[in-house]
Amino acid sequence: MVLLWIGIAIGILLVIVLIAKASKTSSTAIVGMKIRCKKCGFETNGLDCPRCKQKPQSFGV
């Protein structure tokens with residue numbers, strides 16, 4: 001029974017925190033992501049870097 005009350009309390013706290021974060025966030029805010037290549041610094045946005053991407057092996061041919 002105690003575990004049930006602890007679970008309910010954690011759930012309520014989580015909901016309060018999420019509502020507070022949602023109310024502070026601007027309605028025009030856009031989720032953005034700028035990930036750069038670790039080797040050369042080129043902006044890749046999470047994809048493979050075209051500058052540092054190694055060419056595929058041709059099985060020794």
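Me: At 25% relative accessibility, what does Cys52 count as?
Reply: The model is a predicted one, where local features need pLDDT of at least 70, side-chain atom pairs count only at pLDDT 80 or more, and totals for chains, interfaces and linings use all residues. Residues are numbered from 1 along each chain as its sequence is written, and side-chain values use heavy atoms, leaving out hydrogens and water. Buried means under 20% relative accessible area, exposed over 50%, and partly exposed in between (1.4 Å probe, protein chains only). With its 25%, Cys52 is therefore partly exposed.

Me: Which cysteine has the sulfur closest to that of Cys52?
Reply: The sulfur-to-sulfur distance is 3.7 Å, too far for a bond. The partner at that distance from Cys52 is Cys40.

Me: How many disulfides does the count come to?
Reply: A disulfide is a covalent bond between the sulfur atoms of two cysteines. Here a pair of cysteine sulfur atoms has to lie within 2.5 Å to be counted. Cys37, buried at 15% relative accessibility, has its closest cysteine sulfur in Cys52 at 3.7 Å, so the two are too far apart for a bond. By this rule the number of disulfides is zero.

Me: Of the 23 residues of H1, how many are buried?
Reply: Helices (H or I, at least four residues) and strands (E, at least two) are DSSP runs, numbered from the N terminus. H1, residues 2–24, spans 33 Å between its first and last C-alpha. This helix lies largely in the open, because the number of its residues that are buried is zero.

Me: Where is Thr44, and which residues is it in contact with, leaving aside its neighbours within four places in sequence?
Reply: Thr44 sits in the segment after H1 and is buried, at 10% relative accessibility. Contact means heavy atoms within 4.5 Å. Beyond those sequence neighbours, Thr44 touches Ile35, Arg36, Cys37 and Cys49.

Me: Which side chain meets that of Glu43 in a salt bridge?
Reply: A salt bridge is a side-chain nitrogen of Lys or Arg within 4 Å of a carboxyl oxygen of Asp or Glu. The whole structure has one. Glu43 is partly exposed, at 31% relative accessible area. Across an N to O distance of 3.7 Å, its partner is Arg36.

Me: How far apart in space are Leu47 and Cys37, C-alpha to C-alpha?
Reply: Leu47 belongs to the segment after H1 and is exposed, with a relative accessible area of 63%. In sequence, Leu47 and Cys37 are 10 residues apart. In space, their C-alpha distance is 9.0 Å.

Key. The expected span of a helix is 1.5 Å times one less than its number of residues.
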